[in-house]
Amino acid sequence: MTSSKVELPGDVKTDAATLMASLHLMPSPVPNPEIKYTKIFINNEWQDSDSGKVFPTYNPATAEKICDVQEADKADVERAVKAARVAFALGSPWRRMDASDRGRLLAKLADLVERDSAYLATLESLNSGKPFLTALFVDLQGTIKTLRYFAGWADKIHGVTIPVDGEYFTMTRNEPIGVCGQIIPWNFPLMMMAWKLGPALSCGNTVILKPAEQTPLTALYIASLIKEAGFPAGVVNILPGYGPTAGAAIASHTAIDKVAFTGSTEVGKLIQEAAGKSNLKRVTLELGGKSPNIIFADADLELAVEQAHQGVFFNSGQCCTAGSRIFVQEPIYEEFVRRSVERASRKVVGSPFDPATEQGPQISGEQQQRIMELVASGVREGAKLECGGKVCVGKGFFVEPTVFSNVTDNMRIAKEEIFGPVQQIMKFQTLEEVIERANATEYGLAAAVFTTDINKAMTVSTALQAGTVWINCYNALSCQSPFGGFKMSGNGRELGEIGLREYSEVKTITMKMSGKNS
């Protein structure tokens with residue numbers, strides 16, 4: 001058991017958010033949270049890694065180590081696979097459990113997450129750097145809603161009867177795939193865990209989940225809640241570790257039936273290759289993006305500026321859906337740039353535990369360095385740096401909110417996923433032109449269009465090559481709606497009823513009969 005210090009702001013500010021917190025009208029983080037779980041979770045037991053190795057996890061707001069965590073590798077994946085296969089065996093408590101009871105367990109897990117939401121939000125902020133209030137009101141609420149949504153589906157996943165020709169009775173069954181490997185990213189650790197666990201468990205699968213090495217702490221705490229909720233041993237196993245070792249072992253293991261991954265396109269290719277070379281396991285990939293956000297001259301300018309700002313800068317720009325290619329129609333271009341610069345310049349960057357903070361740190365020094373390299377490339381290639389563009393002075397991995405204008409499509413900042421607080425604003429003239437330019441990318445995760453003309457909105461939204469298109473809004477995600485990408489932004493869909501299909505196999509059963517009647 002270890003503890004980690006939460007540095008609360010010492011000075012009293014006069015802004016409304018801080019005053020509300022001081023009056024106890026706003027939830028507060030847990031001071032000096034105890035880090036309760038740092039071991040591997042296999043078969044409902046806390047275990048040391050087979051190798052005895054540990055790895056450090058850090059607070060990105062201070063660059064200080066929080067604690068050491070047991071490092072899972074290939075041998076630990078092997079142990080987890082054995083536990084998961086036993087839990088999935090015919091006749092096991094999990095396989096014989098009523099579907100409604102699976103739903104009850106998921107609902108219980110959601111209740112426990114809600115009970116401990118202040119602690120979990122504190123831990124998420126400490127380990128990932130995102131503002132506490134964002135973690136509490138966005139990440140935790142999204143996690144709870146997703147678990148409850150899929151809890152409700154557990155006893156509603158069913159097949160159909162089919163009126164085939166001949167003297168036969170035919171039906172289908174939706175059956176769980178088996179053991180599912182799940183590898184989640186560091187930008188939304190809790191929500192991505194719920195996106196993966198919810199449908200997998202609702203369908204009756206067993207799971208081996210690897211959290212990102214940068215952010216293992218909330219996943220390990222959720223493991224304790226899974227046990228408390230009453231899930232049978234071996235149904236969920238949590239293995240903190242590194243991608244090239246634990247992640248690669250999951251992707252290539254022949255006794256794992258499906259792998260789901262959220263992360264970079266580069267790693268997604270490696271996972272799909274490993275799945276193909278091993279046992280052709282089912283693969284779901286939610287990968288990178290370079291999403292276009294199209295602002296027409298007739299748009300509500302105030303709304304468009306704010307939504308475009310949030311679409312890039314939310315979560316310190318560390319979003320796969322970030323609307324980082326902003327196309328603004330020529331008549332309003334200069335005014336849009338002016339307002340965007342003003343909005344970015346007043347963004348509050350600081351401690352995740354200061355209620356006034358809008359933007360926390362980047363996840364690591366490595367990520368901070370990559371962002372600055374891309375910012376420098378934008379300057380070299382001729383884009384106009386309107387504001388920001390520097391590392392913030394002091395501890396931690398902070399980057400100033402940055403805005404570029406006069407960006408052209410061939411620049412690196414217009415083509416590569418930056419994953420940081422950097423906004424690129426480009427100019428366009430016609431509808432046909434902007435559709436062609438918006439689609440001229442290897443990615444296809446998300447897109448947006450801002451206009452007051454419904455015909456224009458529908459024309460553009462149906463023409464864009466993206467899995468999700470928002471009209472006059474951005475990042476409007478919900479657990480009821482499917483999410484996933486076109487092209488190199490991934491395979492398959494998560495969330496919604498369609499997300500359940502990624503975790504079930506359809507079996508056709510045909511029985512010979514006589515005397516068939518309609």
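Which residues in α11 meet which residues in α12? Before I answer, please note that this is a predicted model, in which local features need pLDDT of at least 70, side-chain atom pairs count only at pLDDT 80 or more, and totals for chains, interfaces and linings use all residues. Residues are numbered from 1 along each chain as its sequence is written, and side-chain values use heavy atoms, with hydrogens and water left out.

Helices here are DSSP runs of H or I of at least four residues, and strands are runs of E of at least two, numbered from the N terminus. On the α11 side, Leu-301, Glu-302, Ala-304, Val-305, Glu-306, Ala-308, His-309, Gln-310 and Phe-313 take part. Their partners in α12 are Glu-335, Phe-336, Arg-339, Ser-340, Arg-343 and Ala-344, where contact means heavy atoms within 4.5 Å.

How do these helices pack? Helix α11 (residues 301-313) and helix α12 (residues 333-345) have axes 10 Å apart, at an angle of about 50 degrees. Axes are lines fitted to C-alpha atoms, for helices over the stretch in contact, and angles run from 0 to 180 degrees between N-to-C directions.

I turn now to the backbone. Most residues other than glycine have a negative phi. Asn-43, however, has a positive phi of about 60 degrees, and this residue lies in the loop between β3 (40-42) and β4 (45-47). Asn-475 also has a positive phi, of about 55 degrees, and is placed in the loop between β20 (468-471) and β21 (490-491).
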